[in-house]
Amino acid sequence: MSKLLFAPMATLSHEAMRRIIEHYSPSACGEYYTEMIQATTFIGGGKFEQFYVRPGPCPERVVWQLTCGKAEPMAEAAKIISGYGGIGIDINMGCCAPEIVRQGAGIAWMLKERAETQAMLALVRKAVPENMRLSVKMRLGDEDYKLDELCTFTDMLVSEGVSQIVLHPRTRKAKFKRPPHWSDAEALFEYVAKKYGSSICLCINGDIADFQSLCSVQKAVPLAQGFMIGRAAVQKPWLFGDIAARLAEKACDAGQIDSLEVVSLFIENLMECQPEEFWLSRAQRFFSYFCKNFSFANYLFTQVNNAKDLPSMKHEFESYFEKMPGERFLKHSL
Ligand SMILES: Cc1cc2nc3c(=O)[nH]c(=O)nc-3n(C[C@H](O)[C@H](O)[C@H](O)COP(=O)(O)O)c2cc1C
């Protein structure tokens, strides 16, 4: 059966979020990518770094994602972090945020001299124990990317010991509104599968919001062995469970989800797993997606976003459900 992966998302893919997903989708997500960990800050012993490397609630399914524009700190961080367990180390080659690209990190690794990227991977692979996987998450490249160059770039990844690739088939500048280029993803996957057989695990990512959209992506990219989901799994932490049930041809849970329970649990987890300095910003980020489940999403999120602390945020949800009692209990996706 195809595996399901939780996407690395800065400020969202942390232990508190994983706990919520495991609570509502027990054992359904095969791999939890962490939010990107800045290698230089990590090895410099930044004040908050310990919170980025919390492995719970299922350390055996964690994939640590690293970001950095330089090889040496990346390898050093990879060596330390692989000692914390998990499936392996992932190199972020997809992030297009200008401040990341300026550092030579994220998608810059796809665009710079190939020899430099190759040398970085060789150093990281050497630093990571053999029993831990090295993976890469990437986009298609710049606006003028060429499929044959993407194929040879992937050959280079494989030659340096990368054994899982997650492709988000958008270009550097493409925003979420433009559809992913599924046909080029399939062309790349065909090339890799033909050349390397099943030794390279090929995973696809982008715009999977429910079982139907997963089926459409599966139809467009039949060689994908794994499906990575980001924003939709934050909005609906039960999504992995629902999709896994459908993939296994079992019925989805017919019960309802108590939204107030989700809010309370998330807040409790956040207080246990994150430093106080992060509570408000992380809660705001989660609720910006979670509020999309309700009719007056913008109104509710504005109220929550303006709340001064976590109890006041919870209070805003309670007030909303007093006014809209029919919205408190949510259904699983069909
Ligand atoms: C808020 C946010 C933060 C993200 N941070 C990262 C990151 O740290 N590393 C990374 O490789 N991708 C990052 N991404 C991209 C996601 O991993 C994913 O590729 C993208 O959201 C598309 O998947 P989706 O349509 O399922 O959300 C981020 C996306 C969002 C929305």
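Tutor: A polar contact is a pair of N or O atoms within 3.5 Å, where, inside a protein, one atom must be able to donate a hydrogen and the other to accept it. Keep that in mind as we go through this structure, which is a predicted model.

Student: What makes the link between the side chains of Gln-164 and Tyr-33 a polar contact?

Tutor: The side chains of Gln-164 and Tyr-33 are joined at 2.9 Å, and the cut-off to set against that value is 3.5 Å. The side chain of Gln-164 also has a polar contact of 3.1 Å with that of Glu-31.

Student: Where does Gln-164 lie, and why is Gln-164 called buried or exposed?

Tutor: Gln-164 belongs to strand 7, residues 162-167. Its relative accessibility is 0%, and buried means under 20%, so Gln-164 counts as buried.

Student: How do you know whether strand 5 is enclosed by the rest of the structure?

Tutor: In strand 5, which covers residues 88-93, six of the six residues are buried, and therefore the strand is largely enclosed by the rest of the structure.

Student: What makes strand 4 and strand 5 a pair?

Tutor: Two strands pair if at least two bridges are found between them, and strand 4 (residues 62-67) and strand 5 have four bridges, in the parallel sense. Within this pairing, Leu-66 is opposite Ile-91 of strand 5.

Student: Which sense does the pairing of strand 5 and strand 6 have, and over how many bridges?

Tutor: Strand 5 pairs with strand 6 (residues 133-138) in the parallel sense over six bridges, and the cut-off for a pair is at least two. Here Asp-90 stands opposite Ser-135 in strand 6.

Student: Why is helix 13 described as largely enclosed?

Tutor: Eleven of the 15 residues of helix 13 are buried, so the helix is largely enclosed by the rest of the structure; among them are Leu-260, Val-263, Phe-266 and Cys-273. This helix, residues 259-273, reaches 21 Å from its first C-alpha to its last, close to the 21 Å expected.

Student: Which residues come nearest to the ligand?

Tutor: Of the 19 residues around the ligand, the nearest are Pro-8, Asn-205, Asp-207, Gly-230 and Arg-231. A backbone N or O atom of Pro-8 lies 2.8 Å from an oxygen atom of the ligand, and a side-chain N or O atom of Lys-137 is 2.9 Å from a ligand oxygen atom. The protein covers 90% of the 610 Å² of accessible area that the ligand has on its own.

Notes:
Residues are numbered from 1 along each chain as its sequence is written. This is a predicted model: local features need pLDDT of at least 70, side-chain atom pairs count only at pLDDT 80 or more; totals for chains, interfaces and linings use all residues. Side-chain values use heavy atoms; hydrogens and water are left out. Buried means under 20% relative accessible area, exposed over 50%, partly exposed in between (1.4 Å probe, protein chains only). Helices (H or I, at least four residues) and strands (E, at least two) are DSSP runs, numbered from the N terminus. A residue is near a molecule or strand if one of its heavy atoms lies within 4 Å of it. Accessible areas come from the Shrake-Rupley method with a 1.4 Å probe; for residues, only the protein chains shown count as cover. The expected span of a helix is 1.5 Å times one less than its number of residues.
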